[in-house]
Amino acid sequence: MARTDAIVVGAGLAGLVAACELAGRGKKVLLLDQEGEQNLGGQAFWSLGGLFMVDTPEQRRLRIRDSHALALSDWMGSAQFSRPQDDWPRRTAEAYLDFASGEMRAWLHGLGMRWFPVVGWAERGGALADGHGNSVPRFHITWGTGPGVLAPFIARARALNDQGLLTFAFRHRATEIVKHDGRVAGVAGEVLAPTDTLRGQPSNRSVTGRFEHHADAVIVTSGGIGGDLERVRRQWPTARLGPAPRRMVAGVPAHVDGAMIDTTARAGAALINTDRMWHYTEGLQNWSPVWPNHGIRILPGPSSMWFDATGQRMEAPCLPGFDTLATLKRILSTGHDYSWFILTQAIIRKEFALSGSEQNPDLTDGGWREVLASRLGGGGRAPAPVEAFKEHGADFIVADDLETLVAGMNRLADHPLDPAHIRAQIEARDAQLDNPFAKDAQILALRQTRAYLGDRLIRTAKPHRLLDPAQGPLIAVKLHILTRKTLGGIHTNLDGAVLDAADQPLDGLFAAGECAGFGGGGYHGHNALEGTFLGGCLFSGRNAGRAALH
């Protein structure tokens with residue numbers, strides 16, 4: 001049995017931030033994680049590194065007029081807070097917006113972070129002004145992507161480790177929160193056998209011993225549930241989104257299973273909004289998987305035509321990049337759990353990006369020269385990772401004519417597609433390009449998108465007919481539901497203090513990051529605006545680290 005000032009359970013981004021805050025104040029901190037040191041940083045390592053920030057120099061340089069008031073309106077319209085337990089989630093969201101429009105960028109800039117100068121426009125909504133969506137671009141991609149976000153905190157943690165203030169305990173799986181006289185007093189669990197598996201790959205669960213460590217404060221930062229697909233299905237909001245998908249691909253490794261959320265609940269924590277979750281509709285089967293059933297998300301531009309599994313074109317706001325949950329509900333309403341993109345080589349070259357640090361080596365390891373060569377290079381080819389998926393991925397069909405393309409789609413389909421119906425819908429869309437006026441919502445959105453300089457330069461293909469042979473070949477992509485984020489979880493207040501069923505703090509227990517719904521037990525409400533996952537880990541981890549032991 002050992003004693004320290006504070007224990008942090010989970011060595012992802014939120015855990016690193018919390019541990020650095022505590023150890024930076026001279027507290028002795030033990031940082032536990034069930035995985036090996038090779039997984040330090042957790043899920044943030046695999047991310048694109050996007051951060052939701054408001055009224056930044058990057059935005060102003062692109063003539064984006066953003067404000068705290070506009071961001072608050074967008075967030076609340078998206079969150080749709082509606083439950084009695086949404087008080088702390090709402091207050092956490094309001095505090096995050098103060099942070100994102102205030103000290104966030106200066107704090108991170110002071111730590112050495114820098115951002116790609118073109119701000120992305122994710123989750124555009126596409127319905128009503130007071131509903132879901134970002135009114136302006138706010139998605140700031142960090143140079144170095146996810147590893148670039150982690151870098152200053154990993155460096156700080158290692159320096160604090162050298163000073164004897166922070167101790168890493170990898171392969172320590174917490175299974176119990178220890179209490180004494182009604183107060184949280186530490187953590188107990190199992191020591192797992194060493195592992196040399198690569199980051200993200202399944203590691204052994206061989207138990208070599210037990211541990212029990214005592215502390216004055218415990219901060220749980222253990223992540224979400226997206227790696228346990230059966231648990232995702234059990235918590236699925238059927239009444240709101242329709243039946244849970246029979247088939248999904250996993251956007252996170254298998255060890256992201258929510259086990260520590262249950263452990264925290266057994267210690268008296270209230271769990272709220274567990275039916276709120278954020279899964280993507282543009283998932284691909286990874287042709288070079290790292291973890292089981294590994295999925296990758298397409299980050300699409302606005303031009304691909306989106307069809308449901310029956311071959312019916314989807315209507316606004318179910319357009320690429322506009323409204324994830326509306327599109328998820330629309331897809332599942334067909335009784336199927338997949339959909340289709342149809343596009344051209346000209347579109348894939350300019351508009352397809354793949355989420356994740358490993359799929360964006362130019363942004364992760366390179367600089368301006370690499371980005372320009374990759375994204376705007378000649379020869380008509382898409383960035384290399386995208387071309388690799390097109391060549392090797394099981395979900396891609398490439399053909400010179402539509403009938404051959406649909407025949408290839410039907411080889412992958414559960415529901416046969418009628419090539420004449422697909423052709424009629426594409427021809428109707430193409431006809432809308434004949435003059436500057438249109439009634440097609442996607443054509444109108446495409447033209448509006450190109451009014452934003454950043455999208456016109458690097459994210460949006462020049463509008464063209466999909467059936468124009470000069471823009472070909474034609475490409476179809478089968479899209480799967482991709483598990484990703486948990487929007488509810490451990491109920492906390494703004495300081496990250498864990499609350500019980502009576503909304504009272506559990507003395508000595510805190511939570512941050514995805515296991516706490518990124519703060520408050522779900523500061524997104526029902527919908528996320530993107531860049532708010534890493535942002536929520538940074539914000540809630542910092543709050544918990546500053547509040548613990550005060």
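Reader: What should I know about the model before I start reading it?

Author: This is a predicted model, in which local features need pLDDT of at least 70 and side-chain atom pairs count only at pLDDT 80 or more, while totals for chains, interfaces and linings use all residues. Residues are numbered from 1 along each chain as its sequence is written, and side-chain values use heavy atoms, with hydrogens and water left out. Helices (H or I, at least four residues) and strands (E, at least two) are DSSP runs, numbered from the N terminus.

Reader: How do I read a sheet, and what is the strand order in the open sheet of six strands?

Author: Strands of a sheet pair through backbone hydrogen bonds, either parallel or antiparallel. Two strands are taken to pair if DSSP finds at least two bridges between them. Here the open sheet of six strands has the order E6-E3-E2-E10-E22-E21, with mixed pairing. Strand E6 (166-170) and strand E21 (497-499) are its edge strands, each pairing on one side only, and the twist averages 30 degrees from one strand to the next. Within this sheet, strand E2 (residues 6-9) and strand E3 (residues 29-33) run parallel and are joined by four bridges, with Val8 standing opposite Leu31 in E3.

Reader: Which strands does helix H1 lie across?

Author: Helix H1 (residues 13-24) lies across E2, E3, E6 and strand E10 (217-220), and runs at about 165 degrees to E3. For such angles, axes are lines fitted to C-alpha atoms, for helices over the stretch in contact, and the angles run from 0 to 180 degrees between N-to-C directions.

Reader: What is the strand order in the open sheet of four strands?

Author: That sheet has the order E1-E9-E8-E7, again with mixed pairing. Strand E1 (2-3) and E7 stand at the edges with a single partner strand each, so one side of each is left without a neighbour in the sheet. E1 runs parallel to strand E9 (residues 207-214), to which two bridges join it, and the bridge partner of Ala2 in E9 is His213.

Reader: How many residues of strand E13 are buried?

Author: Buried means under 20% relative accessible area, exposed means over 50%, and partly exposed lies in between (1.4 Å probe, protein chains only). Eight of the nine residues of strand E13 (residues 277-285) are buried, so E13 is largely enclosed by the rest of the structure. E13 pairs in the antiparallel sense with E19 over four bridges, where Trp278 stands opposite Lys485, and in the antiparallel sense with strand E14 (residues 295-299) over three bridges, where Gln285 stands opposite Gly295.

Reader: How should I describe two packed helices, and at what angle do H4 and H19 cross?

Author: Two packed helices are described by the angle between their axes and the distance between the axes. The axes of helix H4 (residues 87-100) and helix H19 (residues 532-547) come within 11 Å and cross at roughly 100 degrees. That makes H4 roughly perpendicular to H19, on a scale where angles under 35 degrees count as roughly parallel, over 145 as roughly antiparallel, 65 to 115 as roughly perpendicular and the rest as oblique. Contact, meaning heavy atoms within 4.5 Å, is made by Thr92, Ala95, Tyr96 and Phe99 of H4 and by Gly535, Gly536, Phe539 and Arg542 of H19.

Reader: Which residues of helix H3 are buried?

Author: In H3 (residues 68-79), the buried residues are Ala71, Asp74, Trp75, Gly77, Ser78 and Ala79, and they pack against strand E4 (50-52), H4 and H19. Just after H3, Gln80 takes a positive phi of about 50 degrees.

Reader: Are the non-glycine residues Asp181 and Phe518 buried or exposed?

Author: Asp181 has a positive phi of about 55 degrees although it is not a glycine, and is found in the loop between strand E7 (172-180) and strand E8 (183-192). Asp181 is exposed, with a relative accessible area of 72%. Phe518, whose phi is near 65 degrees, is found in the loop between strand E22 (505-511) and H19, and at 1% relative accessibility Phe518 counts as buried.

How values were computed:
Expected span 1.5 Å × (residues − 1).
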